Amino acid sequence: MEAVADRQKNGLAERARSCLLVIDVQRYFLNKLALDEREPLVRRIAWLMQVARLLEIPVIATAEDMAQDGPLVPELERELPAGAKVFDKLIFGLCDQPDIRATVESMAGRGRDQFVLAGLETDVCIAHSAFGLARAGYHPFVIDDACASPAPHHEHGLRRLRDAGIAVTSLKGIFYEWVRDLETLGRIRKQINDPLPPGLTL
């Protein structure tokens with residue numbers, strides 16, 4: 001894992017190699033956050049999913065123990081392609097669950113070995129999943145303003161990820177890494193009808 005992390009420290013995400021992972025954005029976990037953090041986080045993740053769709057970047061979504069903790073929130077389920085499966089995740093690190101790992105491996109087999117992580121919670125399922133992806137030889141990118149944990153655990157999780165050499169970037173950062181040129185920038189900005197989510201400037 002250390003060698004993988006070292007190789008990507010100064011690397012940019014590439015849209016042709018990317019897959020977006022939306023992890024456990026369920027009301028159960030959102031309700032742990034401060035009230036004023038919940039809706040803005042969902043809007044930022046929904047916006048990121050829109051960008052991924054417009055750039056033809058696949059999205060894998062999970063929800064933890066849906067029988068107990070409920071489904072992916074409808075605001076994000078609407079952003080998935082029709083008929084897309086939301087994986088019922090029963091292990092904190094998604095690479096440790098065979099059906100999700102098989103989908104990750106299928107994406108990597110198509111050249112998509114960079115996995116962009118958004119969702120809940122930063123210090124548990126995001127961190128476990130990022131470490132598992134790196135251990136498997138893939139390249140995780142954690143989006144710091146599109147994931148969350150109740151304070152102070154969000155910052156603890158980000159610090160641990162950074163200390164381990166996992167790439168941590170922002171919505172703005174991943175957007176421009178995926179877009180890369182002015183022609184694509186102009187096209188995508190015209191295609192996104194929604195206003196920018198809270199806290200984001202481009």
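Buried means under 20% relative accessible area and exposed over 50%, with partly exposed in between (1.4 Å probe, protein chains only). Helices (H or I, at least four residues) and strands (E, at least two) are DSSP runs, numbered from the N terminus. This is a predicted model, in which local features need pLDDT of at least 70 and side-chain atom pairs count only at pLDDT 80 or more, while totals for chains, interfaces and linings use all residues. Residues are numbered from 1 along each chain as its sequence is written, and side-chain values use heavy atoms, with hydrogens and water left out.

**Stop 1: helix H7**

Select residues 122-135. Ten of the 14 residues of H7 are buried, so the helix is largely enclosed by the rest of the structure. Colour them: Thr122, Cys125, Ile126, Ala127, Ser129, Ala130, Phe131, Gly132, Leu133 and Ala134. Now step back to the loop between strand S4 (114-120) and H7, where Glu121 sits. The peptide bond from Leu120 to Glu121 is cis, with omega near -15 degrees. Just after H7, find Gly137, which has a positive phi of about 100 degrees.

**Stop 2: helix H8**

Go to the loop between S5 and H8 and pick Pro152. A cis peptide bond links Ala151 to Pro152, with omega about 5 degrees. Then select H8, residues 153-163; His154, Gly157, Leu158 and Leu161 are buried there. Looking down the axis of H8, these residues fall within an arc of 95 degrees (taken from the directions from the helix axis to the C-beta atoms), so they line one face of the helix. Turn to the face away from the buried side for the exposed residues Arg160 and Asp163. The cover over the buried residues includes H7, strand S5 (139-148) and strand S6 (167-169), where contact means heavy atoms within 4.5 Å. Just after H8, Gly165 has a positive phi of about 90 degrees.

**Stop 3: H3 against H9**

Show H3 (35-54) and H9 (171-179). Their axes come within 11 Å and cross at roughly 5 degrees. That makes H3 roughly parallel to H9. Axes are lines fitted to C-alpha atoms, for helices over the stretch in contact, and angles run from 0 to 180 degrees between N-to-C directions. Angles under 35 degrees count as roughly parallel, over 145 as roughly antiparallel, 65 to 115 as roughly perpendicular and the rest as oblique. Show side chains: Arg44, Trp47, Leu48, Val51 and Ala52 of H3 meet Leu171, Ile174, Phe175 and Trp178 of H9.

**Stop 4: H10**

Thr184, Leu185 and Ile188 are buried in H10. Down the axis of H10, its buried residues fall within an arc of 100 degrees, so they line one face of the helix. Leu182, Glu183 and Lys190 are exposed on the other side. H9 and H10 pack at about 120 degrees, with axes 9 Å apart. They are therefore oblique to each other. Phe175, Tyr176 and Val179 of H9 meet Thr184, Leu185 and Ile188 of H10.

**Stop 5: two loops**

Select Asp24, in the loop between strand S1 (18-23) and helix H2 (27-30). Asp24 is not a glycine, yet has a positive phi of about 55 degrees. Asp24 is buried, with a relative accessible area of 0%. Finish at Glu56, in the loop between H3 and strand S2 (59-64). Glu56 also has a positive phi, near 60 degrees. Glu56 is exposed, with a relative accessible area of 65%.
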